[in-house]
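Hello,

Here is the structure we talked about. Please open it alongside this note; what I found follows below.

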Amino acid sequence: MPNTDALALVDKYYSNYGSRARELKAAGNKILGYLSALGPVEIMTAAGSVPLRLKGNVSEPITKADAHMETIACPFIRNVFDSALKGRYDYLDGMVMPHQCDSTDKTSNVWSHNLGLPYWHFLNVPHLADDPSVGFFTSVLGVFKKSLEKFMGREITDKDLARAVEAYNENRRAMRELYSLRRFVPPLISGVEMTKVLVAAMSLPVDESTSLIKGVIREVQERAAHSGATSSPRVMIIGDQIDNTAIAEIIEGAGAELVMDHLSLGSKIYWPDVDVTADPLAGIAERYLRKVKLPTTFVAGGDTYEENLEARFGHIRDFITEFKVNAAIIFVYKYCDPYGFEVPALKDFIESTGVRVLYLEDEYSTSTLGRVKTRIEAFLEMIE
Ligand code: SF4
């Protein structure tokens, strides 16, 4: 890929989300939708299917989903479901829904009944991350693998899984290299651009995603880096699936730099690799349950409260140091209990590093952006 094409391609996949999956479907591939950082993409890829992470449309009001789904499901889930009902993903062959939070667990049947896809699998992810839970999750992944073999009409061998694990680890290495270019002052890639890359990447087969990320790296490396201090606040955003540029535009429009995230489509999926293990499913289970630190999974560790906080959030402090963050925005969707429950401890932990924190709870919609903008701008004015 020539050095000047990658960001243009990112724009295309961001603006026309799922267009590549639609093409691949027309070419005879099976497309499997999934939600959240818990989608075991290695197994879906090893089966020969194309995994597509689903997103909604923040600019479109929910007009169909509320006839089927409780309005106390989080606005993200309702919006994605609304998009699916309106035919945005009419090329899907199936879906994988993780046991994650009430908004996914309690609506799985609503999705499967209304979408009527040929394949549906509810993945029973445990909430604890101790040894018995990892063992249990390994067997849950075995059940998933078997059901996928039946649907795809082919065996998934350990070699297939090992190849997929290596492909995703390479993808994660490439994305982490791109993230490292955000450590520059100012960063070599803006938060708006990075958001588009993250969204585009989750819509592509893994090898195409890796190639696109490497193209973006080559392209942005050519930008001249300044050196020395800047007076712009350096912001980290924390939350679940923030898959549009609206908030990054607000942050950067206020003169700050969005330099890091801890989002479920960002650093949460690109940081810990899957270990290469004799039983590939065991390595996948270990990563998704224990190495990825999601609020939906209780990551135990330590004998005291402080030690437990360190086990849960220590990596966020490392990001703060590495990316020179001096302001953090925690953005939680309304009715999201797992993320909401974590806020007090997380906020205290981040503030203990000297970084100021803004906590926002809002919609998955551009209709409320005005108030979000006011809060973010007022917060950034206080950052020196
Ligand atoms: S935003 Fe929260 S409630 Fe909604 S799907 Fe994610 S974890 Fe569940």
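Two residues are in contact here if their C-beta atoms, placed from the backbone, lie within 7 Å. Keep in mind that this is a predicted model.

With that cut-off, V235 touches I251, A256, E257, L258, V259, V325, A327 and I329. Residues up to four places away in sequence are left out of that list. V235 also stands out in the largest nonpolar core, which has 115 residues: V235 and M236 touch the most other members. Helix α8 (residues 158-180) gives this core its largest share, eight residues.

Next, the sheet. It is open, has four strands and runs in the order β6-β5-β7-β8, with parallel pairing. β6 (257-262) and β8 (356-362) are the edge strands, each pairing on one side only. From one strand to the next, the twist averages 25°. β7 (residues 327-333) pairs with β8 over seven bridges, in the parallel sense. In that pair, Y333 stands opposite D362 of β8. Helix α15 (residues 337-351) packs on the sheet and touches β5 (234-239), β7 and β8. The direction of α15 makes about 175° with that of β7.

Last, a helix pair. The axes of α1 (residues 6-15) and α9 (residues 191-201) come within 8 Å and cross at roughly 65°. The crossing is left-handed. From α1, the contact uses L7, V10, D11, Y13 and Y14; from α9, E193, K196, V197, V199 and A200. By class, that contact has seven nonpolar and three charged residues, and no polar ones.

Best wishes

Note on methods. Residues numbered from 1 in each chain as written. Predicted model: local features only at pLDDT ≥ 70, side-chain atom pairs only at ≥ 80, totals over all residues. Axes fitted to C-alpha atoms, helices over the stretch in contact; angles between N-to-C directions. Helix = DSSP H or I, 4+ residues; strand = E, 2+ residues; numbered from the N terminus. Left-handed = near helix turned anticlockwise from the far one by under 90°. Nonpolar A, V, L, I, M, F, W, Y, C, P; charged D, E, K, R; others polar. Core = buried A, V, L, I, M, F, W, Y, C linked by C-beta atoms within 7 Å. Buried ≥ 20, exposed ≤ 12 C-beta atoms within 10 Å, placed from the backbone. Pairing = 2+ DSSP bridges.
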